Amino acid sequence: MTSTMSDQNVKNQGKPAMTIFQIWNMAFGFFGLQIGFALQNANASRIFQSLGAELDTLPLLWLAGPITGLIVQPIVGYFSDKTWGRFGRRRPYFLIGAIFASLALFVMPNSPYLWMAAGSLWILDASLNISMEPFRAFVGDNLNSKQRTLGYALQGFMIGAGGWLASKLPNFLTEAGFANTAAENQVPDSVKYAFIIGGVLLFVSVLWTVLTSKEYDPETLKRYEAADTSENARLRNAERPVPEPVFFTKWGVILLIAGAVMQAMIKIFETDKQFIVFATGVMIVGGLFLYNGFRLKKGGTANMVGTVLDDLATMPKVMKRLAAVQFTSWFAFFILWIYLTPAITSHYFGATEAGSEAYGQGSLAVNNIFALYSLVAWGFSLAIPLVVRFAGLKLSYAGALLLGGVSFASLYFIGDPKLFWMSATGIGIVWACVLTLPYAILADALPPEKMGTYMGIFNFFIVIPQIIVGTIMGPVVKSFLGNQPILALVVGGFVMAFGAVLLFFVPYKEAAKAG
């Protein structure tokens with residue numbers, strides 16, 4: 001895409017509709033990215049336990065991913081907003097992330113030590129985040145309002161396809177004769193080779209999007225935005241004054257004190273050390289708020305940190321309300337990813353030893369759950385535009401969250417592994433909606449010149465619940481749920497269902513009328 005279209009055409013037409021093949025090419029890279037995420041989600045706990053990790057330390061090991069996302073996504077969003085060169089605005093980040101993610105997939109299951117596997121997970125998640133965040137902004141940049149739901153739905157389709165294939169790879173390899181069990185502190189060959197295959201597919205699919213897609217240059221985007229006279233455009237471009245320095249100073253002090261109190265209580269009561277991660281994070285955020293208050297008071301120029309914090313404080317109203325819904329759904333899904341393997345292997349297969357045959361069978365059942373819910377998400381994502389047209393966006397989203405909550409809890413109550421397909425189907429439907437509908441709402445609320453930054457900030461409300469889960473759920477499962485990880489899935493179901501209630505406070509209806 002170039003800026004050759006005349007200003008009159010821009011004014012009359014807005015962004016032209018893209019063909020289904022162009023949108024398909026834009027979304028195809030997500031197929032590979034989800035292979036990386038799905039291999040990680042379905043097998044990381046198995047790898048960690050195979051290398052000697054205890055059940056109550058799994059959430060702490062999983063914290064690598066969300067902490068990395070919290071740091072990386074707003075940085076990538078900020079810089080991608082300001083990038084323009086031979087390879088465009090977002091695509092350089094797609095390729096860089098894919099290269100390092102593929103390498104991390106090769107290393108992780110072949111790690112001889114637990115710390116090396118955890119470090120590989122950190123690198124993998126950082127690399128996937130470098131690619132993923134610009135992909136969300138990519139749709140907002142290139143598609144007009146009418147096509148954005150389709151664009152995000154096709155991303156969801158690719159996510160489902162990649163998730164299904166990645167979840168089934170260990171099963172396919174087991175059936176092909178690769179070992180599904182291994183000696184103590186070893187990872188089975190079925191998992192090792194699944195990661196190698198996944199790394200190759202990840203790189204190739206992202207490279208396809210990089211080579212077959214184009215982007216509007218910044219000047220053309222500005223002209224399209226200037227020509228948009230809709231109420232949505234007025235709202236997203238309305239001036240939102242940055243709060244006075246005292247706002248940041250006050251909250252900085254509060255967060256620093258809260259973090260320090262938590263640190264002291266951890267030491268006095270000798271509670272689980274993973275609470276230290278959360279307390280330290282609170283103190284770091286407090287320090288950043290204090291810094292920004294000082295910068296504003298002195299009239300300093302807004303650097304990257306200052307810009308992100310200013311934008312965080314001035315989020316559009318739709319984005320603020322939608323963030324709470326995101327919190328609940330990702331809180332639930334992170335519980336699922338951490339605890340599904342130990343929950344199913346212990347509750348239904350009676351396995352506690354990672355190297356046992358029963359544990360291997362239970363792990364294959366978990367892979368099948370992941371595969372089926374990815375397959376359902378794959379198919380249902382294509383139906384989302386039709387469902388939304390019939391029932392409305394918010395009602396469709398709320399119904400999916402309620403169905404997801406029931407499906408999570410049903411994994412405890414269902415009783416028979418042969419019926420796992422029922423739970424997986426509901427989880428797949430809500431997963432497709434979580435990956436599509438929030439972004440369809442959000443993209444119309446964001447000014448184009450800050451699309452990447454705000455998408456990165458929105459990721460805070462995906463990452464923060466994951467950090468909270470990784471910090472508290474280990475002690476909660478151990479102390480309050482009788483060390484039964486299956487009950488953690490019930491907790492996740494209730495939290496997700498609550499998101500359906502919060503969704504009705506998102507003022508999307510008013511914005512939709514303006515379009």
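1. A residue counts as buried under 20% relative accessible area, as exposed over 50%, and as partly exposed in between. S145, at 41% relative accessibility, is therefore classed as partly exposed. This residue belongs to helix α7. From V72, which is 73 residues away in sequence, S145 is separated by 27 Å in space, C-alpha to C-alpha. The model under discussion is a predicted one.

2. Helix α7, which spans residues 145-175, packs with helix α17, residues 420-443. The angle between them is about 155°, and their axes lie 9 Å apart. Because angles over 145 degrees count as roughly antiparallel, α7 is roughly antiparallel to α17. The crossing of this pair is right-handed. On the α7 side, the contact is made by R148, T149, Y152, A153, G156 and I159; α17 contributes W431, L435, T436, Y439, A440 and A443. Sorted by class, the contact of α7 with α17 comprises 8 nonpolar, 3 polar and 1 charged residues.

3. The crossing of α2 and α8 is left-handed. The contact of α2 with α8 holds 15 nonpolar, 10 polar and 1 charged residues.

4. Which residues have the most contacts inside the largest nonpolar core? They are F48, F333 and L336, in a core of 133 residues. Helix α14, residues 317-347, supplies the largest share of this core, with 18 residues. The contacts of L336, leaving out residues up to four places away in sequence, are with Y373, F408, L411, I427 and L489.

5. Is F94 buried or exposed? Its relative accessibility is 0%, so F94 counts as buried. The residue is placed in helix α5, residues 91-107. Apart from neighbours within four places in sequence, F94 is in contact with S131, P134, F135, F138, V206, T209 and V210. F94 and E133 stand 39 residues apart along the chain, and their C-alpha atoms are separated by 8.9 Å.

6. S213 deserves a separate remark. This serine sits in the loop between α8 (189-212) and α9 (218-227). At 4% relative accessibility, S213 is under the 20% limit and therefore counts as buried. Not counting residues up to four places away in sequence, S213 touches N25, M26, R91 and F138. F138 is also one of the contacts of F94.

7. The backbone at N483 should be noted. This residue is not a glycine, yet its phi is positive, at about 55°. N483 lies in the loop between α19 (460-479) and α20 (485-503). With 43% relative accessibility, which is between the two cut-offs of 20% and 50%, N483 counts as partly exposed.

Note on methods. Residues are numbered from 1 along each chain as its sequence is written. This is a predicted model: local features need pLDDT of at least 70, side-chain atom pairs count only at pLDDT 80 or more; totals for chains, interfaces and linings use all residues. Side-chain values use heavy atoms; hydrogens and water are left out. A nonpolar core is a set of buried Ala, Val, Leu, Ile, Met, Phe, Trp, Tyr and Cys residues joined through side-chain atoms within 4.5 Å. Buried means under 20% relative accessible area, exposed over 50%, partly exposed in between (1.4 Å probe, protein chains only). Helices (H or I, at least four residues) and strands (E, at least two) are DSSP runs, numbered from the N terminus. Contact means heavy atoms within 4.5 Å. Axes are lines fitted to C-alpha atoms, for helices over the stretch in contact, and angles run from 0 to 180 degrees between N-to-C directions. Angles under 35 degrees count as roughly parallel, over 145 as roughly antiparallel, 65 to 115 as roughly perpendicular and the rest as oblique. A crossing is left-handed if the near helix is turned anticlockwise from the far one by less than a right angle, and right-handed if clockwise. Ala, Val, Leu, Ile, Met, Phe, Trp, Tyr, Cys and Pro count as nonpolar, Asp, Glu, Lys and Arg as charged, and the others, Gly among them, as polar.
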